[in-house]
Amino acid sequence: MSSSSAGTSLYPTMLSPMKVGAHTLRNRVIMGSMHTRLEHLDNADERQRAFYGARAKGGTALIITGGFAPNDEGRLEVGGPALLANDDLAPHRSVTDEAHRYGAKILMQVLHSGRYAKHDQIRGVSDIRSPINPRVPVPFKESEIEQTIDDFVKCAVRAAEAGYDGVEIMGSEGYLINQFVAPRTNNRTDSWGGSIEKRIRFPVEIVRRTRHALGAGFLIMFRISAIDLVDGGSTADEIDKLAVAVQEAGADILNTGVGWHEAPVPTIAFSVPRATFSFAVKRLRKATSLPIVASNRINMPDVAETLLVSGDCDFVSMARPMLADPDFVNKAQAGRADDINTCIACNQACLDFIFSDQTATCLVNPKACRETEFEAPPVHGSKRVAVIGSGPAGLAVASAAAGRGHRVSLFEEQAELGGQIHLARRVPGKTEFNEMLRYFTRQIEQANVDVRLSVRATADDLAREGFDEIVVATGIIPRTPDIPGIEHPSVLSYADVIFGRAEVGKRVAVIGTGGIGYDVAELLTHSDTHQDPIEHFLDEYGVDPMITSPGGLRKPRATKSPREVTLLQRRQSRPGDRLGVSTGWILRNRLRSRGVVAIAGVTYDRIDDDGLHYTVGTESRVLKVDNIVICAGQLPNVALADELKQKGIKAVTIGGARHADELDALRAIQEGVRLAHDM
Ligand code: NAP
Ligand code: SF4
């Protein structure tokens with residue numbers, strides 16, 4: 001079997017073409033819209049062309065750009081992307097040309113942020129503020145609604161002039177169109193509010209007038225909210241009515257969104273099982289004969305194929321998985337799914353970067369949105385490279401250096417590759433780290449890296465072998481805090497707990513509220529219900545799959561923790577405030593619902609048979625616990641680096657061994673990939 005047909009037999013539906021409107025899409029994979037903030041950079045044009053071009057070249061059938069506002073007040077922030085009457089189309093044309101050059105179709109997303117706008121021109125359907133935005137929107141007058149519809153249409157016309165094959169009209173995630181549709185945000189009493197027919201009039205008019213302006217050849221995708229996941233959202237009936245109405249108004253295809261940005265339910269983070277929300281697409285499918293796209297937590301070809309074969313959807317949309325691997329489709333086509341760099345749904349370098357006003361990239365693929373920085377790498381000839389340590393930093397540098405033609409030897413003290421990845425992948429909800437391990441292990445194998453397991457490399461060994469480059473990636477050692485009684489038998493290390501090497505009692509104190517403290521608390525309070533993971537998730541978060549209640553929420557099922565866990569920190573700040581912006585709230589809420597208490601501003605006094613003695617302010621307290629788990633951060637493991645230095649052997653240190661504070665896989669992989677690029 002040829003490599004190009006290998007994948008076709010594995011994923012026949014995903015790789016089959018399908019006609020949508022006047023266009024044929026070469027397969028069923030759509031790259032969903034993402035905010036990248038590339039447009040804020042000086043060389044934005046070049047970088048956007050490289051970013052979208054790589055995904056088109058990688059086999060994606062249809063690319064949807066990040067959202068462009070149809071007018072100033074629709075921008076998400078001051079200077080946010082918009083496509084207005086006098087804007088230069090050349091940067092758009094260079095992106096659309098690049099996508100077409102590689103056989104992909106491309107749509108521009110038109111997004112009006114409504115009450116989510118982070119600027120003072122904020123407008124809304126009604127004067128109801130969003131819980132995630134302090135600004136109160138000024139409601140539109142009727143004439144302004146007409147003007148806004150007109151702006152949507154003009155924006156689509158400009159998109160057509162710029163060479164886009166069509167537009168995606170953003171009607172989900174709680175943005176302006178969603179705000180018109182849901183009673184939660186629409187209390188108007190004129191012809192744009194009240195009955196469902198009046199509430200959906202705004203999107204229907206946008207679609208109808210866009211079709212009228214641009215004719216049958218222009219692709220119109222409408223992104224509908226398949227479930228709002230907020231109180232006062234739409235019911236199933238209302239969602240179906242909207243789907244039928246936009247079909248009749250001229251839409252070619254329905255993309256689906258899940259949950260408003262203010263929803264209390266996670267929709268894309270790692271704790272959401274794969275394809276959880278396919279029930280909402282399946283339900284909606286019965287309402288309309290339009291081709292329909294499933295989205296959210298679809299990150300591997302087998303997940304996509306299963307959904308497509310079930311007939312619940314015609315296309316799958318993947319956004320973050322395209323950051324993680326631009327060649328997703330080509331690799332699936334070649335039967336090389338094992339080579340896909342899988343999105344682990346961590347949000348650490350995509351959403352969390354966007355929320356902190358940085359350009360997005362990807363934890364597992366630091367080249368994402370940085371494509372131009374990795375073009376035409378300098379060639380320095382093949383070198384003999386030693387990498388010591390096979391955690392994320394070591395794996396990244398070893399695979400990338402070998403991929404560039406260097407001869408790499410990778411030394412690992414343990415019997416298997418992976419280092420700290422083995423800790424992460426054991427935490428409930430973090431099984432996607434298995435994919436990270438699989439991907440890097442496969443790259444190491446394919447690039448013929450000389451792997452030496454169960455070997456503790458010394459400076460003398462390395463010197464004897466005469467390597468051209470030595471990279472020390474020996475990682476970290478956990479910090480042992482200086483607390484009287486720290487040797488007490490009740491004290492455990494986080495590694496002992498996570499690897500299941502220690503029995504843990506019913507009452508536990510966790511010292512440290514960083515990512516690892518929270519991971520340990522999650523593990524200790526998790527009870528294995530043996531329930532189907534998706535059903536468990538829907539029960540835990542109170543999601544009503546029938547969407548009988550407005551917004552599709554019901555009472556969450558209370559979860560009982562098998563242990564009483566207390567988290568402690570010395571700082572006065574809010575515990576967990578350094579967790580990821582887009583995932584921290586999920587962890588904090590979850591632990592709170594399991595009765596976990598977090599105490600800030602403590603001084604640790606001592607540990608003895610009575611438990612953990614500590615002081616808050618002037619009050620001395622005792623936490624009577626069976627075990628105390630130390631999650632007090634890390635120190636760099638510098639033993640080898642120091643030994644090499646003492647012997648005058650040149651080496652580069654990366655990852656935790658270089659700097660352990662705030663170390664995470666993101667920085668470790670980034671340093672590894674960059675170093676290999678410069679080698
Ligand atoms: P960390 O985030 O640096 O947290 C260390 C914790 O230990 C802090 O809460 C700190 O709080 C406490 N601490 C520090 N020195 C101490 C001392 N001498 N005595 C007592 N307590 C002390 O480190 P981590 O939890 O080990 O995580 C390592 C890295 O992995 C972090 O960058 C983290 O973001 C990342 N990670 C992230 C996640 C996630 O986002 N879900 C999960 C795992 C790991 P006080 O100083 O206030 O006491
Ligand atoms: Fe996926 Fe994490 Fe990369 Fe974002 S940063 S694309 S969530 S792997």
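Keep in mind that the model is predicted. Ligand 2 takes up the space of the largest cavity, Val136 sits in a loop between two strands, and E19 is a mostly covered strand.

**Ligand 2 and its shell**
- Sorted by class, its shell comes out as nine nonpolar residues, one polar and one charged.
- Cysteines in the shell include Cys343, Cys346, Cys350 and Cys362.
- Also around ligand 2 you'll find Arg320, Leu323, Ile344, Ala345, Asn347, Ala349 and Leu363.

**Val136 in its loop**
- Val136 belongs to the loop that links strand E6 (123-124) with strand E7 (138-139).
- If you skip the neighbours within four places in sequence, Val136 touches Ile122, Asp127 and Arg129.
- Tyr116 is 20 residues away along the chain from Val136, and their C-alpha atoms are 9.6 Å apart.

**Strand E19 and its partners**
- E19 covers residues 507-511, and four of its five residues are buried.
- With strand E20 (residues 564-568), E19 runs parallel, joined by five bridges.
- In that pairing, Ile511 sits opposite Leu568 of E20.
- E19 also pairs with strand E25 (residues 627-630), again in the parallel sense, over four bridges.
- Here Ala509 faces Ile628 of E25 as its opposite number.

Note on methods:
Residues are numbered from 1 along each chain as its sequence is written. Chains are lettered from A and ligands numbered from 1 in the order in which they are written. This is a predicted model: local features need pLDDT of at least 70, side-chain atom pairs count only at pLDDT 80 or more; totals for chains, interfaces and linings use all residues. Side-chain values use heavy atoms; hydrogens and water are left out. A residue is near a molecule or strand if one of its heavy atoms lies within 4 Å of it. On a 1 Å grid over the protein atoms alone, a cavity is a set of points where a 1.4 Å probe fits but cannot get out, and a pocket is an open set with protein on both sides within 12 Å along at least five of seven lines; lining residues have an atom within 4 Å of a point. A molecule sits in a cavity or pocket if more than half of its atoms lie within 2 Å of its grid points. Ala, Val, Leu, Ile, Met, Phe, Trp, Tyr, Cys and Pro count as nonpolar, Asp, Glu, Lys and Arg as charged, and the others, Gly among them, as polar. Contact means heavy atoms within 4.5 Å. Buried means under 20% relative accessible area, exposed over 50%, partly exposed in between (1.4 Å probe, protein chains only). Two strands pair if DSSP finds at least two bridges between them.
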